[in-house]
Amino acid sequence: MVPVPFSHAAAASVHLRGRIEAVIEERIRRFIEDPASGDFNQLAKEAFAFQYEKVEAYRKLCDQNGTDPANVDDWRQIPPIPALAFKSLDLATVEGGEVFRSSGTTGDQQSVHRHGFLDLYRATIDRTIPAAVLGEMEHLPILSLIPDRAMSPDSSLSFMADHIIRQWGTPQSVNAFGSRGVDFRLARSFFSARQRDGQPVLILSTSFALDQLVESLAKLDLRFRLPAGTVVFETGGYKGRRREVARSELLASLQERLAVVPDHVVREYGMTELTSQLYTGIRQGGDQDLFLAPEWVKTRVLDPETLDETTMGTAGLICIFDLANLSSAVHLLTEDLGIMHDNGLLLTGRAAGADLRGCSLTVEDLWR
């Protein structure tokens, strides 16, 4: 056999590695589009093997725990990476793509997610938004109270909002968020036009921006009767930026000022460190306070001390397995507290320092 020159062998090796990445990405994408096309547990093990090879810090953690792809039979055995690790470690599995940074609270170190599988991100949006948010509506005017990509190029939320507007927005869609927050003049003009033409709308907004919007409406004592079928898609919390309005108060204000009924306010649970999101089950016949995971996501609640799975109805740290998070960590231990119920996940708040003891130990293992 004639030996292959080193440069050719190296090129072939790079091509093979790229081919492996493309194959697993494609299989996960097909599973997102059609869960009957594959087996979650098998894909989870393959994703783990890929990340074990690509991320040195994660491989060290797994080796210290005696876990490697050869001895994992079930996705629950795959060690989770704490969300805290995204603040100090590069967990990227591939080069290229987008770099997303968390907003966080003032003075906090940002989490950084180097996302190299953007088609998977788009696929998760395409599969979840119609069922969770749009219902039977295919295209509609969208009012976005989320910074656009020009304003926040490293925001995963802005990436998602931009994709939603491109996929389902009509030419009447407007972004009404600027450097000083909600552009109330643009928002008011949008509401007036939609009230006249009778078209249901989709409002994309963070909790903070919604609070700012209804506060401005109240100051001027303005009320709009937005057409039936209008949906508010609420993405995320206040991040300590102002007073936090009670949810019942926010829902009451939206109904009073915009005629949007509470069961048309859909909430999202997501984060920069993940690719997929969970949504309240309003549009899917579920509870207004419980979040549902799509088929390619598994959610558990773990004891903060032991990281053992809690029993149903017991509070603990939320742990999420997201097949679409191939860029970094498919298994993620969050800093959020929750309770699992038969029909969804209830969020109960953020973990205090003492609650993160088990999580912190895991972070220390990653740094060794």
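**View 1. Thr275 and Asn325 are joined through their side chains by a polar contact of 2.7 Å.** A polar contact here is an N or O pair within 3.5 Å; within protein, one atom must be able to donate a hydrogen and the other to accept it, and residues adjacent in sequence count only if both atoms are side-chain atoms. This is a predicted model, where local features need pLDDT of at least 70 and side-chain atom pairs pLDDT 80 or more, while totals for chains, interfaces and linings use all residues. Residues are numbered from 1 along each chain as its sequence is written, and side-chain values use heavy atoms, leaving out hydrogens and water.

Thr275 sits in the loop between strand 10 (265-269) and strand 11 (278-280); strands are DSSP runs of E, at least two residues, and helices runs of H or I, at least four, each numbered from the N terminus. Its side chain also makes a polar contact with the His115 side chain, at 2.8 Å. Thr275 has 0% relative accessibility, so it counts as buried (under 20% relative accessible area, with a 1.4 Å probe and protein chains only).

**View 2. Thr334 is in strand 15 (residues 331-341).** What does the side chain of Thr334 reach at 2.8 Å? That's the backbone oxygen of Ile318. A polar atom of the Thr334 side chain also lies 3.0 Å from the backbone nitrogen of Asp336. With 1% relative accessibility, Thr334 counts as buried.

**View 3. Helix 2 (residues 40-54) meets helix 3 (residues 56-64).**

How values were computed: Axes fitted to C-alpha atoms, helices over the stretch in contact; angles between N-to-C directions. Contact = heavy atoms within 4.5 Å. Buried < 20%, exposed > 50% of the residue type's maximum accessible area, 1.4 Å probe, protein only.
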